[in-house]
Structures are given as C-alpha cells and as structure tokens.
Amino acid sequence: MASLMSNLSSTISRLTLLRKPSIHFSTKTLQKLHLHPRLSRPAVPFLYHTTDFFPAHYSSCPKARTTEASGQDEELVVLGIETSCDDTAAAVVRSNGEILSQVVSSQADLLVRYGGVAPKMAEEAHSLVIDQVVQEALDKAKVTEEDLSAVAVTIGPGLSLCLRVGVRKARKLAGAYALPIIGVHHMEAHALIARLVQSELQFPFMALLISGGHNLLVLARDLGHYIQLGTTIDDAIGEAYDKTAKWLGLDMRKSGGPAVEELARQGDENSIKFKVPMKQHKDCNFSYAGLKTQVRLAIESENIDAAIPIASASEEDRRARADIAASFQRVAVLHLEEKCERAIEWALKIEPSMKYLVVSGGVASNQYVRSRLNKIVEKKGLQLVCPPPSLCTDNGVMIAWTGIEHFRMGRYDPPPPACEPEDALLDLRPRWPLGEELAEGRSEARSMRKARIHPSLTALIQASIQQQPS
C-alpha cells in the first residue's frame with residue numbers, strides 16, 4: 001500500500017508541476033473575450049475561494065507536494081460522483097480506462113409517482129443514499145479513500161438541489177482525505193465517455209448528446225474546446241419519449257424511451273402522418289414540443305385511456321397504441337437524422353479530418369436511434385461510436401473519466417478545508433453551456449439565452465489559457 005500511495009502521490013506531483021491552466025479565470029480575461037455583460041461576472045472557482053480569480057497554487061495539496069514525478073499515469077485512481085438529476089451514481093476508474101466499480105441508485109419509483117422529476121423529492125432521495133452509494137463504489141473497487149488520486153463531481157448543468165448533494169459529498173470526502181477535486185460538466189462527460197470505451201477516438205470528433213433534458217450537437221475540437229452546432233429550442237427528445245409513454249399508459253418504471261421503443265416494434269410506423277419538426281429551419285436546432293402535441297391529439301382521437309395499463313387493453317386498443325408509438329418514433333428520430341446530417345456537413349468544413357460521430361446520453365441506448373443514425377454516418381464516410389447502454393445513461397464512470405482527462409491537463413482544485421461549514425458557498429452551475437454557438441446555428445426562436453448564467457466551459461478554459469504567461 002505504501003508503494004502504491006507513493007506512486008499516486010508522485011503522479012499528482014508530476015501533473016501539478018507540468019500543469020496547464022486550470023478553469024479559473026480573471027475578470028479582465030473574460031472582458032477581453034467580449035462576452036455578454038451578464039456573463040462577464042466570474043463564477044466562484046469550484047471549491048476554491050480567491051478574490052482575484054487567478055489559477056490556484058496547488059502546492060497546498062499534500063498529495064501534490066510530497067513526492068517527485070514517477071511518470072506512471074496509469075496509477076491514477078479517481079472517484080466520480082453524479083447527482084445532476086434523478087439518479088445517484090458513483091464509480092471508481094483508473095486512468096488506464098479500467099472501471100473498478102460502478103454503482104447507480106435509481107429514482108424510478110419517484111418518476112412513476114410524480115410523473116417526472118420532482119426536484120425537492122429528488123434531492124431528498126439523493127441525500128438518503130449518497131453516502132451508501134459512494135461507500136459501495138469504494139468497496140466494490142476494493143479501495144479506500146486514501147487510495148484515491150482525486151475526486152470528480154458534476155457541478156452542472158442540472159438541477160441545483162440535486163447537484164448540491166453530490167458536491168457537498170465530494171467536498172466532505174476530498175477535505176477529509178486531502179484530495180484534489182475536479183468539477184465536471186455533465187454534457188462533456190457524456191461525450192468523453194466514448195474515449196474510454198474506444199481508445200482510438202481522437203479529437204476532433206462530433207457528438208450528438210440526447211437525453212431527457214438535452215439535445216445537443218457539438219464539434220469537439222480538443223479537450224475543453226467545443227463548438228455548439230445545435231441545441232433544443234424547447235423540449236428534448238427524451239422528454240418527448242417520456243410524455244408519449246405516459247399518455248399511452250406504458251410502464252414508466254423502465255423509463256419512457258425503452259417502453260416506447262418496445263411497443264413501437266409491434267406497430268406500423270407509417271400509420272399516422274406526424275409532421276417532422278422544423279423542416280423550414282435550415283439550422284441544426286431541435287424542437288419536440290410540437291410533436292408532443294401531435295401525439296397527444298392522436299391519442300385523444302383514438303380515445304385511449306392512459307389509466308388503463310396497456311397489459312389490460314383490448315387488442316384493438318393495443319394496436320392503436322403501438323401504431324402511435326411507432327409513428328412517433330419514426331418522426332422523432334427523422335428529426336434527429338436531418339439535423340445531424342446538416343451538422344456533420346458544417347463540422348467537416350471546420351475540421352475536415354473529423355472521422356467520428358459520438359452518440360451518447362440516455363436516448364442513445366435506443367437501438368432504433370442507433371441504427372438510423374448509423375446510416376447517416378456511413379453515408380458521410382464517418383464512424384459511429386456509441387458507448388454501451390450502461391454508460392449512456394447518467395453514471396459515475398463518465399464523471400470519473402472526464403475528471404481524469406482534465407486532471408492530466410492540470411485542471412483541478414486543491415482540497416477544500418477539512419472542516420467546512422454546512423452553509424459554505426458552493427459553485428453550482430445548473431445552466432452551463434458546453435461551447436460557444438456557431439453563428440450559423442443561432443436561432444432567434446430559442447429562449448435559452450435568458451437562462452445562460454455561466455460562461456461556457458470552453459470560454460472558461462480558453463480564458464485561463466490566454467491569461468498564462470507565454
């Protein structure tokens with residue numbers, strides 16, 4: 001154990017000495033980037049408080065100062081904690097890609113009870129299980145807190161009440177064991193998990209991130225450097241799947257996506273002529289609110305009673321539900337195909353060497369989605385990369401891996417105080433863009449501008465790089 005600890009400490013020391021700038025930034029640097037006035041106020045650096053907002057000095061981290069460089073990067077062991085929405089997750093991952101453990105506590109019963117995510121109920125559920133989930137992850141990995149190199153935790157985007165639970169746990173653990181800590185962008189983690197499962201995946205690549213709360217098309221030019229090609233104007237595809245499942249009286253315990261996909265296999269996808277959203281818009285943005293309305297009206301016209309479970313429905317009723325499910329899925333995914341094809345064309349103009357499309361997020365587990373998108377990708381001469389289903393939905397592995405990727409670049413914070421008050425200020429970023437918008441991709445109809453509180457991850461990292469002495 002002493003030898004292992006020496007190697008871990010040596011690795012952290014090497015990374016600190018050779019580190020690139022952290023995500024911290026100065027007000028002057030952001031002003032140079034000509035950001036919107038509302039965005040020029042610097043966010044509180046993650047778990048580190050300083051008046052000037054310049055990069056922290058990491059010599060205060062015992063693991064970073066006790067030994068010299070060893071060059072054994074594969075010895076890094078990182079704990080990842082994820083509580084951005086309705087699943088409490090933790091995992092331990094080595095920097096050579098080995099997943100030592102993965103634990104997820106689902107809130108499926110709450111989703112059924114409340115018909116969706118209820119933030120306060122979700123927060124309470126996270127609070128009840130967070131200690132147990134983290135401890136189980138450590139136990140399954142057969143490591144202790146002292147074996148860890150760092151702790152990575154989601155700080156945004158997500159629900160504030162839920163994010164707070166995970167960040168508090170990460171602070172407490174990192175402070176008690178003097179561990180460096182990495183604040184992770186949830187959507188970046190969905191994109192980067194593909195680099196764990198497919199080691200040859202190099203930048204640049206394009207990513208389509210699809211889930212209950214997000215539809216996002218980004219060009220990943222480098223670690224922490226993203227261009228947003230398209231996003232959702234209103235509802236994401238996962239939300240549309242969930243609502244359709246609920247209105248059709250399907251079993252929501254396995255979430256709406258799998259339930260609709262299973263039923264759709266029994267239906268005729270051409271039976272109902274739903275309109276494809278945003279056909280007239282020549283951008284890469286998404287909208288599923290209108291399609292949801294079309295589905296609801298179709299269900300009402302068939303007099304389908306969602307209170308009657310599909311298992312108890314008549315054969316005629318069941319066939320009608322299956323036809324609606326199949327027709328919805330065809331159009332929902334066709335919308336993805338059209339926008340994705342255009343985004344690939346845009347991305348290739350910027351990065352002609354791009355070879356991959358990564359599809360991740362909860363909806364990426366849908367086999368129909370994967371098969372349809374694979375045809376688009378092959379048509380464009382690219383390769384489709386989809387993480388396994390267990391790594392598509394929210395999980396701690398993707399948080400730990402993203403933490404490792406940034407840790408290697410020296411982007412991390414020192415341990416918080418061992419005894420920190422419960423009311424300490426937390427850096428939570430519930431609405432946190434991943435990258436800057438491509439000019440062609442901007443939509444006047446999109447209301448997200450009002451919600452954009454924090455500068456994008458890309459802006460922060462680029463600002464920190466610019467402020468370093470040459």
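Two rings of Phe, Tyr or Trp count as an aromatic pair if their centres lie within 6.5 Å. By that rule, this structure holds three aromatic pairs. The model is a predicted one. Its chain has 470 residues, and 58% of them count as buried. The secondary structure comes to 15 helices and 11 strands.

**Aromatic rings**

- A pair of aromatic rings is described by two things: the distance of the centres and the angle of the planes.
- Planes under 30 degrees apart count as stacked.
- One of the three pairs is Phe203 with Phe205: the centres are 5.3 Å apart and the planes lie at 20 degrees, so this pair is stacked.
- Phe407 and Tyr412 form another stacked pair, because their planes are at 20 degrees, with the ring centres 4.5 Å apart.
- Are these residues buried or exposed? Phe205 is buried, at 0% relative accessibility. Phe407 is buried too, at 1%. Tyr412 has a relative accessible area of 2%, so Tyr412 is buried as well.
- Trp432 has a charge over its ring: the charged end of Arg429 sits 4.5 Å from the ring centre.

**Helix α5**

- Helix α5 covers residues 119-141, which makes 23 residues.
- From first C-alpha to last, α5 reaches 30 Å. That is close to the 33 Å expected at 1.5 Å a residue.
- Where does α5 bend? The bend is at Val129, and it comes to about 50 degrees.
- Val129 is also one of the buried residues of α5. Others among them are Ala122, His126, Ile130, Val133 and Leu138.
- Lys142 follows α5 and has a positive phi, near 60 degrees.

**The six-stranded sheet**

- Strands of a sheet pair through backbone hydrogen bonds, either parallel or antiparallel.
- Six strands form an open sheet with mixed pairing. Their order is β10-β9-β6-β7-β8-β11.
- Which strands lie at the edges? They are β10 (383-385) and β11 (436-437), and each pairs on one side only.
- Inside the order, β6 (residues 205-210) pairs with β9 (residues 356-360). The pairing is parallel and runs over four bridges.
- Met206 has Leu357 of β9 as its bridge partner.

**Contacts along the chain**

- Take the contacts in the chain with a separation of 6 or more: residues 24 or more positions apart account for 76% of them.

Technical notes:
Residues are numbered from 1 along each chain as its sequence is written. This is a predicted model: local features need pLDDT of at least 70, side-chain atom pairs count only at pLDDT 80 or more; totals for chains, interfaces and linings use all residues. Side-chain values use heavy atoms; hydrogens and water are left out. Rings of Phe, Tyr and Trp (its six-membered ring) pair if their centres lie within 6.5 Å; planes under 30 degrees apart count as stacked, over 60 as edge-to-face and the rest as tilted. Buried means under 20% relative accessible area, exposed over 50%, partly exposed in between (1.4 Å probe, protein chains only). A charge sits over a ring if NZ of Lys or CZ of Arg is within 6 Å of the ring centre and within 35 degrees of the ring normal. Helices (H or I, at least four residues) and strands (E, at least two) are DSSP runs, numbered from the N terminus. The expected span of a helix is 1.5 Å times one less than its number of residues. The bend at a residue is the angle between axes fitted to the seven residues ending there and the seven starting there. Two strands pair if DSSP finds at least two bridges between them. Contact means heavy atoms within 4.5 Å.
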